[in-house]
Amino acid sequence: MLVKKQEPLVYNFANLQKRIITPVNIYNASLKKQKKLTSNALWDTGATISAITPKIVKELNLISAGTVAIRGVTGAQDVEFVLVTIELPNGIQRQNVKMAICDFSADIGVILGMDIITLGDFELLHGNNHTIFSFKSPPQFSG
């Protein structure tokens with residue numbers, strides 16, 4: 001569950017974006033004194049769950065909470081996962097996020113998958129060589 005309603009997260013890019021990358025804070029909440037790290041996060045609508053690099057797992061002293069099956073372009077595999085608290089730049093937080101431990105691009109440390117994206121309204125606008133990205137939680141549509 002998200003902690004509280006916040007102002008929308010909005011990024012206004014001066015050119016068309018093929019990847020949406022924003023900073024994110026990752027917390028190891030299992031420690032008595034919370035340890036935090038800031039990393040670039042890729043917003044990935046093709047990922048069903050979020051992921052984190054082994055480097056960040058090591059830096060935050062995270063402990064495996066089990067294994068999870070993932071499927072990617074290279075096929076299916078079982079990988080370890082950790083539980084973390086995620087905080088977006090506008091203060092939106094999600095606790096106990098299951099993150100698969102995976103190696104990926106050197107310029108990002110986190111992939112935010114549909115487990116996070118479906119908690120809010122995700123919007124991309126493109127035009128005039130310009131991209132606007134926004135994420136608002138909780139979502140406006142309440143069915």
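1. N61 is found in the loop between α1 (54–59) and β5 (66–72), where helices (H or I, at least four residues) and strands (E, at least two) are DSSP runs numbered from the N terminus. Although N61 is not a glycine, its phi is positive, at about 55°. With a relative accessibility of 46%, N61 counts as partly exposed; on this scale buried means under 20% relative accessible area, exposed over 50%, and partly exposed in between, computed with a 1.4 Å probe and protein chains only.

2. A word on the basis of these values: this is a predicted model, in which local features need pLDDT of at least 70 and side-chain atom pairs count only at pLDDT 80 or more, while totals for chains, interfaces and linings use all residues. Residues are numbered from 1 along each chain as its sequence is written, and side-chain values use heavy atoms, with hydrogens and water left out.

3. The protein has 2 helices and 10 strands, and read along the sequence these follow the pattern β-β-β-β-α-β-β-β-β-α-β-β. The radius of gyration of the protein is 15 Å, close to the 15 Å that the globule rule gives for 143 residues, so the protein is as compact as a globular protein of that length; here the radius is taken over C-alpha atoms, and the rule is 2.2 Å times the number of residues to the power 0.38. Along its principal axes, the C-alpha trace spans about 45 × 35 × 30 Å.

4. Of the 143 residues of the protein, 39% count as buried. The accessible surface comes to about 8500 Å², and 52% of this surface belongs to carbon and sulfur atoms; the areas come from the Shrake-Rupley method with a 1.4 Å probe, and for residues only the protein chains shown count as cover. Among contacts between residues at least 6 apart in sequence, 56% join residues at least 24 apart, a contact being defined by heavy atoms within 4.5 Å.

5. On the charges, the mean positions of the 14 positive and 11 negative charges of the protein are 6 Å apart. In that count Lys and Arg are positive and Asp and Glu negative, while His and the chain ends are not counted; the place of a charge is taken as NZ of Lys, CZ of Arg, CG of Asp or CD of Glu.

6. The largest nonpolar core holds 27 residues, of which I26, W43, I52, I86, L88 and V110 touch the most other members; such a core is a set of buried Ala, Val, Leu, Ile, Met, Phe, Trp, Tyr and Cys residues joined through side-chain atoms within 4.5 Å. Apart from this core lies another, of 11 residues, among them L42, F81, I108 and I111. Not counting residues up to four places away in sequence, L88 touches L9, V24, W43, L112 and F135.

7. N28 lies in strand β2 (residues 21–28) and is buried, with a relative accessible area of 2%. The C-alpha atoms of N28 and V57, which are 29 residues apart along the chain, are separated by 9.2 Å.

8. F104 has its place in the loop between β7 (93–101) and β8 (110–112), and at 23% relative accessibility F104 counts as partly exposed. Its contacts, leaving aside neighbours within four places in sequence, are A51, I52, T53, G109, V110 and I111. Between F104 and A51, 53 residues apart along the chain, the C-alpha separation is 9.3 Å.

9. I116 lies in helix α2 (residues 114–117) and counts as buried at 5% relative accessibility. Not counting residues up to four places away in sequence, I116 touches S50, R94, V97 and F135. By C-alpha positions, I116 and G75 are 23 Å apart in space and 41 residues apart in sequence.

10. Towards the end of the listing, N128 is found in the loop between β9 (121–127) and β10; N128 has a positive phi of about 50° although it is not a glycine, and N128 is exposed, with a relative accessible area of 81%. S134 lies in strand β10 and is buried, with a relative accessible area of 15%; leaving aside neighbours within four places in sequence, S134 is in contact with L9, V10, D121, F122 and E123. In the segment after β10 (130–136) P138 is found, and a cis peptide bond with omega of about 5° joins S137 and P138.
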